[in-house]
Amino acid sequence: MRSKSLVNILLAVVTVLGTTGARASLLDSRMDAYKVETSKGKVTLHPATVAEPGNVLEYKLTYTSKADKPLAVQHISVPVPQNTHYLPNSAYTSVASQFQVSIDGGKHWESEPVKRMRKGKDGKLKEVTIPESEYTHLRWQEKNDIGPGAVQTFHYRVKVL
């Protein structure tokens, strides 16, 4: 498969609920994509402009409050970009929040790992772990408001298919 522009296959749309209308202008957002490379046990990040199958990318979401008082941000959510799958346990932030995933387009949210009861070959129900390749969306449910001038960052990784 030929390499493709990140704009075409990897730009995730960031949704910040609770910041619509006039409040949206009080919160700057930025998304950066980095190619993750490992050499001799050392991990380095390089700005990504193209991606090829097998590449690991790290997304960094940065939010900066321009408000003069605390701003309520309910949650930060992103789709898992097409032609990628989320890498388990790669999401992190220093913001007090609960990380959740969705396997149904963002209709329902739950913590990792996602488990379901499925019928086995023997016809009996058993609990199975849903693979991360089935995750469609990710979100951080924030526990606190973002303070005036505060900067928040959220990170997660995907593998290009």
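D28 forms a salt bridge with K66, in which the closest N and O atoms are 3.5 Å apart; the term here means a side-chain nitrogen of Lys or Arg within 4 Å of a carboxyl oxygen of Asp or Glu. This pair links distant parts of the chain, since D28 belongs to strand β3 and K66 to the loop between β6 and β7, 38 residues apart. The model is a predicted one, in which local features need pLDDT of at least 70 and side-chain atom pairs count only at pLDDT 80 or more, while totals for chains, interfaces and linings use all residues. Residues are numbered from 1 along each chain as its sequence is written, and side-chain values use heavy atoms, with hydrogens and water left out.

**Overall architecture**

- The protein contains one helix and 14 strands, where helices (H or I, at least four residues) and strands (E, at least two) are DSSP runs numbered from the N terminus.
- Of the 161 residues of the protein, 35% count as buried, a label given to residues under 20% relative accessible area, with exposed meaning over 50% and partly exposed lying in between (1.4 Å probe, protein chains only).
- The accessible surface of the protein comes to about 9,400 Å², and 49% of this area belongs to carbon and sulfur atoms; accessible areas come from the Shrake-Rupley method with a 1.4 Å probe, and for residues only the protein chains shown count as cover.
- Among contacts (heavy atoms within 4.5 Å) between residues at least 6 apart in sequence, 75% join residues at least 24 apart.

**Salt bridges**

- The structure holds four salt bridges, one of which is the D28 and K66 pair already described.
- Both partners of that pair are partly exposed, D28 having 38% relative accessibility and K66 having a relative accessible area of 48%.
- E58 forms a salt bridge with R157, with the closest N and O atoms 2.6 Å apart, and this pair links E58 in strand β6 to R157 in strand β14, 99 residues apart.
- E58 counts as buried at 1% relative accessibility, whereas R157 is partly exposed, with a relative accessible area of 23%.
- R30 forms a salt bridge with D32, the closest N and O atoms being 2.8 Å apart; R30 is exposed, with a relative accessible area of 54%.

- D32, which has its place in strand β3, counts as buried at 17% relative accessibility.
- The side chains of D32 and R30 are also joined by a polar contact of 2.8 Å, that is, a pair of N or O atoms within 3.5 Å, for which, within protein, one must be able to donate a hydrogen and the other to accept it, and residues adjacent in sequence count only if both atoms are side-chain atoms.
- Leaving aside neighbours within four places in sequence, D32 is in contact with E58, Y59 and K60.
- Q100 lies in strand β10 and counts as buried, at 10% relative accessibility.
- Not counting residues up to four places away in sequence, Q100 touches W109, E110, H137, L138, R139 and Q141.

**Nonpolar core**

- In soluble globular proteins, nonpolar side chains tend to be buried together.
- The largest nonpolar core has 28 residues, and those with the most contacts inside it are L61, I76, Y86, L138, W140, F154 and Y156.
- Strands β3 (27-39), β6 (56-65), β7 (75-79), β10 (97-102), β13 (137-142) and β14 (151-160) each supply at least two residues of this core.
- A nonpolar core is a set of buried Ala, Val, Leu, Ile, Met, Phe, Trp, Tyr and Cys residues joined through side-chain atoms within 4.5 Å.

**Aromatic pairs**

- Rings of Phe, Tyr and Trp (its six-membered ring) pair if their centres lie within 6.5 Å, and planes under 30 degrees apart count as stacked, over 60 as edge-to-face and the rest as tilted; by this rule the count comes to seven aromatic pairs.
- The rings of Y86 and Y135 have their centres 5.8 Å apart and their planes at 25°, so this pair is stacked.
- Y86 lies in strand β8 (residues 84-86) and Y135 in the loop between β12 (125-129) and β13, so the pair ties together parts that are 49 residues apart in sequence; both Y86 and Y135 are buried.
- W140 and F154 form a tilted aromatic pair, 5.1 Å centre to centre with 50° between the planes.
- W140 lies in strand β13 and F154 in strand β14, so the pair ties together parts that are 14 residues apart in sequence, and W140 and F154 are both buried.
- One aromatic cluster is formed by Y59, Y63, Y86, F99, Y135, W140, F154 and Y156.
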